[in-house]
Amino acid sequence: ESKSSYGNSSFFYLKKAIEIVKQYPNSALVTGPICKKSWSLAGHHFSGQTEVLAKSCGVKNLIFFGNNANFFVFYCFKGGSPRPIDTW
């Protein structure tokens, strides 16, 4: 069931998680699926969590590295070229 209150809550939980992660160097954020319809009903018009993360971090460059069956790996960077990241 899609409700604006659910969308508002999940959006602000994500924003708070991003705020916390940004306080610690070399930290990571793991998220689960969201209901985009609930976000839209709550007035949060983003195509997904990735765009919220990029905007919250003030980056325009977002690279999708791929997935490992259960999760996706993205890397946000500010300007220049991204540094290599070891693969698992």
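## Burial and surface

Buried residues make up 22% of the 88 residues in this predicted chain. Buried means under 20% relative accessible area, exposed means over 50%, and partly exposed lies in between, with a 1.4 Å probe and protein chains only. The accessible surface of the chain comes to about 6700 Å². Carbon and sulfur atoms hold 54% of that surface. Accessible areas come from the Shrake-Rupley method with a 1.4 Å probe, and for residues only the protein chains shown count as cover.

Residues are numbered from 1 along each chain as its sequence is written, and side-chain values use heavy atoms, with hydrogens and water left out. The model is predicted, so local features need pLDDT of at least 70 and side-chain atom pairs count only at pLDDT 80 or more, while totals for chains, interfaces and linings use all residues.

## Order of the elements

The chain has three helices and two strands. From the N terminus on, they run α-α-α-β-β. Helices (H or I, at least four residues) and strands (E, at least two) are DSSP runs, numbered from the N terminus.

Among contacts with a separation of 6 or more, 39% join residues 24 or more positions apart. A contact means heavy atoms within 4.5 Å.

## Helix α1

Helix α1 covers residues 4–22, which is 19 residues. From its first C-alpha to its last it reaches 27 Å, close to the 27 Å expected at 1.5 Å a residue. The expected span is 1.5 Å times one less than the number of residues.

Five names stand out for burial here: G7, F11, L14, I18 and V21 are buried in α1. Seen down the axis of α1, its buried residues fall within an arc of 90°, so they line one face of the helix. The arc is that of the directions from the helix axis to the C-beta atoms. These buried residues pack against α2 (36–41) and α3 (49–57).

## The nonpolar core

The largest nonpolar core has five residues: F11, L14, I18, W39 and V52. A nonpolar core is a set of buried Ala, Val, Leu, Ile, Met, Phe, Trp, Tyr and Cys residues joined through side-chain atoms within 4.5 Å. Helix α1 gives the most to this core, with three residues. In soluble globular proteins, nonpolar side chains tend to be buried together.

V52 lies in helix α3. V52 is buried, with a relative accessible area of 1%. Not counting residues up to four places away in sequence, V52 touches F11, L14, K15, I18, W39 and F46. V52 and L14 are 38 residues apart along the chain, yet their C-alpha atoms are separated by 8.4 Å. I18 has its own list of partners: leaving out residues up to four places away in sequence, I18 touches L29, V52, L53 and S56.

## Helix α3 and its end

Just after α3, G58 takes a positive phi of about 65°.

S4 is in helix α1. S4 counts as partly exposed, at 36% relative accessibility. Not counting residues up to four places away in sequence, S4 touches S38, L41 and A42. S4 and L41 are 37 residues apart in sequence and 4.7 Å apart in space, C-alpha to C-alpha.

## One salt bridge

The structure holds one salt bridge. The side chains of E19 and K16 form this pair, at 3.1 Å from N to O. A salt bridge is a side-chain nitrogen of Lys or Arg within 4 Å of a carboxyl oxygen of Asp or Glu. Side chains of opposite charge can pair when their charged atoms come close.

E19 and K16 are three residues apart in helix α1, so about one helical turn separates them. E19 is partly exposed, at 41% relative accessibility. K16 is partly exposed too, with a relative accessible area of 43%.

## The loop between α1 and α2

P33 is found in the loop between α1 and α2. P33 is exposed, with a relative accessible area of 85%. P33 and G48 are 15 residues apart in sequence, and their C-alpha atoms are 9.4 Å apart in space.
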